[in-house]
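Here is a walk through one structure, taken a piece at a time. Have the sequence and the 3D view open as you read.

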Amino acid sequence: MGSTGSVGRQALEVVQRHSERLRVFALAAKSSADLLARQARRFRPRFVALLDETLVPDLRQLLAGCDVEVLAGMEGVCQVARDPEADIVLGAASGAAGLRPVLSALKAGKQLALANKETLVAAGPLAMDTAAAHGATILPVDSEHSAIFQCLEPSVPIERLLLTASGGPFLRRDPGTFAAITPAEALKHPNWSMGPKITIDSATMMNKGLEMIEARWLFDVEPRQVGVVIHPQSIVHSMVVFQDGSAKAQLSMPDMRIPIQYAFSYPARWDGPDGRVDWSIGQTMEFLPPDPARFPCLGLARDALHQGGAAPAVLNAANEEAVALFLRGAIPFTGIAQAVYRALESLGHHQAYALDEIVAVDAAARRYVRTRA
Ligand SMILES: NC(=O)c1ccc[n+]([C@@H]2O[C@H](COP(=O)([O-])OP(=O)(O)OC[C@H]3O[C@@H](n4cnc5c(N)ncnc54)[C@H](OP(=O)(O)O)[C@@H]3O)[C@@H](O)[C@H]2O)c1
């Protein structure tokens with residue numbers, strides 16, 4: 001799910017590298033019909049699903065003569081997510097729009113390789129309960145959560161999880177100039193090449209806030225047990241601190257194909273992409289505490305994490321909407337945190353557990369941000 005995006009395209013590189021072990025059963029995207037058709041011609045899945053139904057006739061035309069069935073709309077995406085023939089479902093759509101297909105895969109008891117963190121932020125308790133009720137497993141694809149997953153020891157209690165953050169492009173920029181940051185500047189991430197929404201989230205550090213909430217649910221820890229440390233080199237991908245004071249970390253080049261592949265190969269490890277950390281040259285690794293004044297989104301996410309209920313879903317939806325407005329030039333960079341703060345103040349106190357409640361809260365938060373921009 002999300003095969004035409006940054007994670008989806010890298011997942012297909014992993015499939016290509018390990019074609020003797022992996023086969024694509026279905027591909028799904030939102031509206032990139034051309035790329036989806038090219039991917040389908042290359043990987044020959046049984047199904048492709050396109051969320052935007054108006055583009056489905058174009059997709060059918062692009063795939064004329066190909067033995068690939070085209071499915072349409074949200075139901076089409078959910079259908080491929082729960083198909084009994086798929087062993088692993090990669091959840092790599094962006095945003096809370098990925099929630100229904102993710103729940104569909106969990107209800108079908110799948111092994112879900114989850115990149116789409118927004119689903120766990122908006123609906124953590126529902127997603128984890130659904131996974132438990134249907135025997136589904138969630139394997140993290142987010143590099144930080146994959147790192148933690150790789151460091152855990154069976155049945156050994158965790159004292160603390162430490163998520164590492166690069167700090168993004170504005171780690172050392174004068175905060176007095178943040179209102180003038182342009183979308184082009186915010187889209188230049190120093191270490192990772194990612195889709196636009198998560199790249200802006202990295203610049204505001206909302207990404208790390210979303211990841212704190214994701215970690216709380218994935219690893220069943222208390223909010224106070226999840227911390228963040230800035231590590232500009234992006235070599236240490238996160239750490240687990242145990243009760244005896246030992247910390248374990250996972251280190252590798254910042255390359256998403258590594259955690260994507262591990263979610264497919266687990267518990268085995270396969271040949272990875274070429275880059276390696278070069279220990280024959282001097283390596284400097286810094287670790288710094290995040291500055292709350294520079295990164296207010298991190299504090300907002302922490303508040304939502306502690307508040308629970310609808311607050312994380314409001315945080316996520318308000319942020320998605322504010323990021324879209326910023327990318328369109330409708331609000332300044334600093335307007336993202338302001339919009340999220342106001343939406344949380346106004347709507348964060350609601351309760352939301354069931355899918356229809358989350359969908360309603362998500363829609364209300366988006367409306368709130370759009371109408372006040
Ligand atoms: N990129 C990274 O390195 C990275 C790292 C860690 C975690 N993540 C997480 O992974 C997810 C994807 O990120 P990305 O950077 O790959 O995003 P992206 O490049 O913007 O791609 C998003 C993908 O999702 C598709 N899509 C959007 N809504 C959909 C829906 N409702 N149903 C099916 N497909 C849908 C898009 O299709 P169209 O192309 O047709 O629009 C596209 O294929 C996000 O949750 C992000 O936080 C990303």
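Let's settle what counts as an element: helices (H or I, at least four residues) and strands (E, at least two) are DSSP runs, numbered from the N terminus. Residue numbers start from 1 along each chain as its sequence is written. What you're looking at is a predicted model, where local features need pLDDT of at least 70, side-chain atom pairs count only at pLDDT 80 or more, and totals for chains, interfaces and linings use all residues.

Start with the whole chain. It holds 15 helices and ten strands. The radius of gyration (taken over C-alpha atoms) is 20 Å, close to the 21 Å that the globule rule gives for 373 residues, so the chain is as compact as a globular protein of that length. That rule is 2.2 Å times the number of residues to the power 0.38. Along its principal axes, the C-alpha trace spans about 55 × 55 × 40 Å.

The chain is divided into domain 1 (6-141) and domain 2 (156-252 + 276-307), with bounds that come from an automatic or database domain assignment. The C-alpha centres of domain 1 and domain 2 lie 27 Å apart. Where they touch, eleven residues of domain 1 are in contact with eleven residues of domain 2; two residues are in contact if their C-beta atoms, placed from the backbone, lie within 7 Å. On the domain 1 side, α6 and β6 (137-140) each supply at least two of the touching residues, and α6 gives the most, with six residues. By class, that side has five nonpolar, four polar and two charged residues. Here Ala, Val, Leu, Ile, Met, Phe, Trp, Tyr, Cys and Pro count as nonpolar, Asp, Glu, Lys and Arg as charged, and the others, Gly among them, as polar.

Next, the ligand. How many residues surround the ligand? There are 32, and the closest are Gly 2, Gly 5, Ala 115, Met 194 and Gly 195. A residue is near a molecule or strand if its C-beta atom, placed from the backbone, lies within 6 Å of it. The elements that give two or more residues to this shell are α1 (6-17), β1 (26-29), α6 (117-134) and α9 (196-204). The largest share, three residues, comes from α1. Both domains take part: the shell draws at least three residues from each of domain 1 and domain 2. Its classes are 15 nonpolar, twelve polar and five charged residues.

On to the sheets. Strands of a sheet pair through backbone hydrogen bonds, either parallel or antiparallel. For the count used here, two strands pair if DSSP finds at least two bridges between them. Look for an open sheet of three strands in the order β4-β5-β6, with parallel pairing. β4 (88-91) and β6 stand at the edges, each with a single partner strand, so one side of each is left without a neighbour in the sheet. The twist averages 25 degrees from one strand to the next; angles run from 0 to 180 degrees between N-to-C directions, and axes are lines fitted to C-alpha atoms, for helices over the stretch in contact. Four bridges join β5 (residues 111-114) to β6, and Leu 112 stands opposite Ile 138 in β6.

Another open sheet has four strands in the order β8-β7-β9-β10, and its pairing is mixed. Its edges are β8 (226-230) and β10 (247-251), each with a single partner strand, so one side of each is left without a neighbour in the sheet. Here the twist averages 20 degrees from one strand to the next. β7 and β9 pair in the antiparallel sense over four bridges, and Arg 160 stands opposite Val 241 in β9. Val 241 also has Ala 247 as its bridge partner in β10, while Val 240 is partnered there by Lys 248. β9 (residues 236-242) and β10 run antiparallel and are joined by four bridges. Their hairpin has four residues between the strands, and Gly 245 takes a positive phi near 95 degrees. Helix α10 (residues 206-218) lies across β7 (158-165) and β8, running at about 155 degrees to β7.

Finally, two backbone details in loops. A cis peptide bond joins Tyr 266 and Pro 267, with omega about 5 degrees; Pro 267 is in the loop between α11 (257-265) and α12 (296-307). Arg 44, a residue other than glycine, has a positive phi near 50 degrees, and its place is in the loop between α2 (33-43) and β2 (47-50).
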